[in-house]
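Here are my notes for you to read with the structure open. Take the points in order and look for each one as you go.

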Amino acid sequence: MVDTKVDLAIARIDSYTVKRVSPTPPAKTGADASPTTTLSSQPASSWREGSTAALAKANSAPSSPRVTVPLRSTSRSRDTASFSLSLHHAISIAVLLLVLAFQLLAPRLPHELRQYFSSKPHWRVPSPEFTLRNPVLFHEPPTCPRPDQHVAFAGTFYTNTERSMNLAEQAKRVAAEFEFGPGNVRKAVKEFVREMDEGLQKEGTELSQIPTYVTAVPNGTEKGLYMAVDLGGTNFRVCSIQLHGNTTFSLTQSKVAIPHELMVAKTSKELFSFLAKQIENFLKAHHEDHYTATIKRRQTEGNIKEEEIFDLGFTFSFPVQQIGINKGVLMRWTKGFDIQETIGQDVCALLQKEIDELHLPVRVAALVNDTVGTLMARSYTSPGKTGTLLGAIFGTGTNGAYVEKLDKVSKLTQSKDAGDFDKSTGEMIVNTEWGSFDNSLRTLPNTPYDVELDAKSVNPGIQMFEKRVSGMFLGELLRIALVGLVKDPAIPLFKDENSSQNDVHSTTQIHEGSPIWKQWGIDTSFLSICAGDHSDGHRVIRQTLDKEYGISAVSAEDAEAVREIAFAVGRRAARLAAVAIGAIVLETGRLRSATASGTATTEDKEGVDPPRGTVDSSGRGEVAEEDVIDIGVDGSLVEFYPNFEEHIRQALREVEEIGEQGEKRIRIGIAKDGSGVGAALIALVAGRMTED
Ligand code: BGC
């Protein structure tokens, strides 16, 4: 496991104050000392900061390096001198010719070869190192870089008007296909509400509406040390969480990428034994004393004490039919996982079996969807009187879990097979699994690009909402749209006939090995780059196309066309996200009444600092605290896609029943990595239930 040991001391995890302590590198002294730039980790504490700050950094032009040529003096005879002079000339001319030939041939060289030369650190413009979580974080190189020759903005445009018009029109046409107007939003909200009700009544519906057996949200006073693991997409996280009981907590975590072969393994054991091994590594690294003590006791006394066992919350972010707080069978895999044997099996039992084989002092106490964890974490930390209504993820996948009145969950309350749960609160958190909203496409948009993406996916016809909204798919939608334009000979995208036709005076080339030709070749983080690039001539977009996507000497017109389409794909995703949020706000009746319909554990509690009900961090001054409808969100899109929240809010205002007044009451706060804390909180509740 790449132990990223992020020690987080988090005072609050709402969007206003996130405090991370990143390890300070040891100070260098004496001859060893070198000027180092310490890059502190930059968690985006609000939706906007992450990408804008990084882009601002990227947009600042790098300065040229200084070259110092060493001088040498020699004493030679005249003959030798003249001979060496002519030899010197001959060599110089040969070198000059070679350089010239290389310069001429450079654009035609294979992409890998050009990449090789361009990756020499002393002159390479640093390429954005982005991942879904960290899409536009540019690292400063140790020396001043020389701007890339291909894509540096020349300052004056050569604009071929005919070409621009044609390309701009075509880009507008494609972007318009991604329009999802106010009428569409309203229709989709109605359909969402209908599917929510249907899903609460019976099984096998499009919105799964899974009862989670979690019947209360935390109030910030919970205490204790718990473990949580999180399997949800590309990474597996193991953490231990110390809840301080005053709405704050400390978290230690390790993260490891899931090898692709385990995502599509033949047997469940291959994946789950890997997960258990990571838990063992984590215990050895961060709770060594506890771990070795229990191993010793097991050897000497044959067993360990009940209080030595860690209760673990298992965040498993796939659709699971829950049968109890720590029991649930997998309904289907999503997000590229595909292990047929696991479907229909209890995933908690699978994990516990592997944990037991390693004799770890860990009990899987709760099974938690990441959205439920996000809801719990947000409710633990959020300011104000009202408990959180909804936890939502807009990351690799998308989904939401919300607090529902128990009597509306009739498929559970009227079922003979339902497991035990606490009925006293009159509420239960329901995991909507909204990724599969409107699989039958009654109201969802369906462009030719959506059709192609779905047809080539591992699960055609399923997760249709997710395929239009989440990070796993947006890059691919853009790629399909761009390839369509490139393949049309009449459309001049990335097609300069000669180098004088564009502003970079070099012929645009798409290398045949470019990721643009491969499924999933464009990362969704590229959409964030497009939406955030306000530099002259879209310099960042052009650099990224060159460095990451093998498309060199892209013109400003090309970059503008790409930006326009990428923006339309991203905005549509945000407007669809608003459909889900708006429908849940309406269906739960939160706009009709405020705190009265709040969650069961929202009363003020002694010992909570600051006391609940006294903090208004909504920034929306005119809304009384008790009228706030609190929503916790997490995921790469909400964290990094510029203005994702603004697009959501715009669409919410367009829904008549919400309008401007209603939209103002909705407070959306980030619950960064909340699923780990949330899982710990549920493990706490579950641990108490087993004690009773
Ligand atoms: C899964 C959900 C999960 C969401 C976000 C979806 O693909 O079906 O269970 O909550 O991704 O991670």
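1. How far does a polar side-chain atom of Glu433 lie from an oxygen atom of the ligand? In this predicted model, the gap is 2.6 Å. Glu466 also has a polar side-chain atom by a ligand oxygen, this time at 2.7 Å. Then find Asn399: an N or O atom in its side chain sits 3.0 Å from an oxygen of the ligand.

2. Now for how well the ligand is covered. On its own it would expose 310 Å², and the protein buries 98% of that.

3. Who does the covering? The ligand is surrounded by 15 residues, and the closest ones are Thr334, Asn369, Asp370, Glu433 and Glu466. Sorted by class, that shell holds 8 polar, 4 charged and 3 nonpolar residues.

4. As for domains, domain 1 (158-212 + 383-595 + 625-686) and domain 2 (216-368) each contribute at least three residues.

5. The average pLDDT for the protein is 77, with 71% of the residues scoring at least 70. Residues 118-158 fall below 50, and this stretch has 106 contacts in the model beyond near neighbours in sequence. Residues 595-620 are below 50 too; counted beyond near neighbours in sequence, that stretch has 61 contacts in the model.

Definitions and conventions
Residues numbered from 1 in each chain as written. Predicted model: local features only at pLDDT ≥ 70, side-chain atom pairs only at ≥ 80, totals over all residues. Heavy atoms only, no water. Near = heavy atom within 4 Å. Polar contact = N/O pair within 3.5 Å; in protein donor to acceptor, adjacent residues only side chain to side chain. Areas by Shrake-Rupley, 256 points an atom, 1.4 Å probe, with all protein chains shown as cover. Nonpolar A, V, L, I, M, F, W, Y, C, P; charged D, E, K, R; others polar. Domains from an automatic or database assignment. pLDDT = per-residue confidence, 0-100. Contact = heavy atoms within 4.5 Å.
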